[in-house]
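Biologist: Thanks for sitting down with me. Could we go through the terms used for this chain and see what stands behind each?

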Amino acid sequence: MSSEPFTKLVLIRHGESTWNEENRFTGWTDVDLNEKGKKEANAAAEALKGKYEFDQVYTSYLKRAIKTTWIVLEGIDRMWLPVERTWRLNERHYGALQGLNKSETSQKHGEEQVKVWRRSYDIPPPSLEDSDERHPKYDPKYKDVDPALLPSTESLKTTVDRFLPYWNDTIAPKIKSGKNVLIVAHGNSLRALVKYLDNIGEDVITGMDIPTGVPLVYELDKDLKPIKHYYLGDEKEIAAKINAVANQASAKK
Ligand SMILES: O=C(O)[C@@H](CO)OP(=O)(O)O
């Protein structure tokens, strides 16, 4: 017997960014969308328009997610919707790898090591030095965040740990109160959410990638347990995009 879900939660990873295009580790670096990324955001809006209604939007402090939000909301003619930004939805902090080319990093350190840094559950990449001017404590975006909470690197595990309080205190109560929610965030902050929602094991989440700019719908019951999930769009195209993310750090590029 199939029953109507209590809600449909929609997740979107931001469209392609300039550093996705250059194949660099990005993390908390605040890079912009490129033209392809804007097109992907428009296509996401097209897929949602007239079929999904939202009451509340959540996004990160990073402009690639914020601009994707703007484009999607403009595309669905819902620019008036409330948008809450939070650093807790930021991408996983990539530590000292931020800015490095993924393929060159594999040539230097080996594909296995880079795979561990990219996809192991609890092994973080090397940290940024405290004195490094790229450290989030020097960025005005985070001036109201307790400096003790600001990372100098993160594993997926510590990304889950910083995201979950926001889910539990803010997003989950909003959904439970009957509101339809859209979350526009990042590859690894969304992997953190999906791991939590689907209760995916630490070994299994390492093989899971999320493509840029494709709406991912989670049908949830009233306890916010997933009934099913699916991407909106062409299955083959989405599979190819997921595969491309998985292979980004190949040493052969
Ligand atoms: O560089 C990053 O911040 C992320 C997302 O683009 O990369 P990866 O998929 O390698 O975790």
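This is a predicted model: local features need pLDDT of at least 70, side-chain atom pairs count only at pLDDT 80 or more; totals for chains, interfaces and linings use all residues.

**What stands behind the words**

Modeller: Gladly. Buried residues make up 37% of the 253 residues in the chain.

Biologist: What makes H14 buried or exposed?

Modeller: A residue is buried if 20 or more other C-beta atoms lie within 10 Å of its own. H14 has 31 C-beta neighbours inside 10 Å, so H14 counts as buried. H14 sits in the loop between β1 and α1 (18–21).

Biologist: And what makes E91 buried or exposed?

Modeller: The cut-off of 20 applies again. E91 has 27 C-beta neighbours inside 10 Å and therefore counts as buried. The loop between β3 (83–85) and α4 (102–109) holds E91.

Biologist: Which residues is each in contact with, leaving aside neighbours within four places in sequence?

Modeller: Two residues are in contact if their C-beta atoms lie within 7 Å. On that basis H14 is in contact with L33, G37, R64, A65, T68, V184, H186 and T212. For E91 the contacts are T26, G27, W28, L62, H186, G187, N188 and S189.

Biologist: Which residues are around the ligand?

Modeller: They are N20, F25, T26, G27, E91, Y94, R118, G187, N188, V245 and Q248. By class, this shell has three nonpolar, six polar and two charged residues.

Biologist: How do you know whether the radius of gyration agrees with a compact globule?

Modeller: With 253 residues, a compact globule would have a radius of gyration near 18 Å; the chain has 17 Å, so the value agrees. The C-alpha atoms fill a box of roughly 50 × 40 × 35 Å along the principal axes.

Biologist: What makes up the largest nonpolar core?

Modeller: This core has 37 residues, and L11, A44, A45, V72, I183 and V184 touch the most other members. Elements that each supply at least two residues include β1 (7–13), α2 (35–48), α6 (156–176) and β4 (181–185). Another core, of six residues, lies apart from it, with F25, L97, V114 and W117 among them. In soluble globular proteins, nonpolar side chains tend to be buried together.

Methods. Residues are numbered from 1 along each chain as its sequence is written. A residue is near a molecule or strand if its C-beta atom, placed from the backbone, lies within 6 Å of it. Ala, Val, Leu, Ile, Met, Phe, Trp, Tyr, Cys and Pro count as nonpolar, Asp, Glu, Lys and Arg as charged, and the others, Gly among them, as polar. The radius of gyration is taken over C-alpha atoms; the globule rule is 2.2 Å times the number of residues to the power 0.38. A residue is buried if 20 or more other C-beta atoms lie within 10 Å of its own, exposed if 12 or fewer, and partly exposed in between; C-beta atoms are placed from the backbone. A nonpolar core is a set of buried Ala, Val, Leu, Ile, Met, Phe, Trp, Tyr and Cys residues joined through C-beta atoms within 7 Å. Helices (H or I, at least four residues) and strands (E, at least two) are DSSP runs, numbered from the N terminus.
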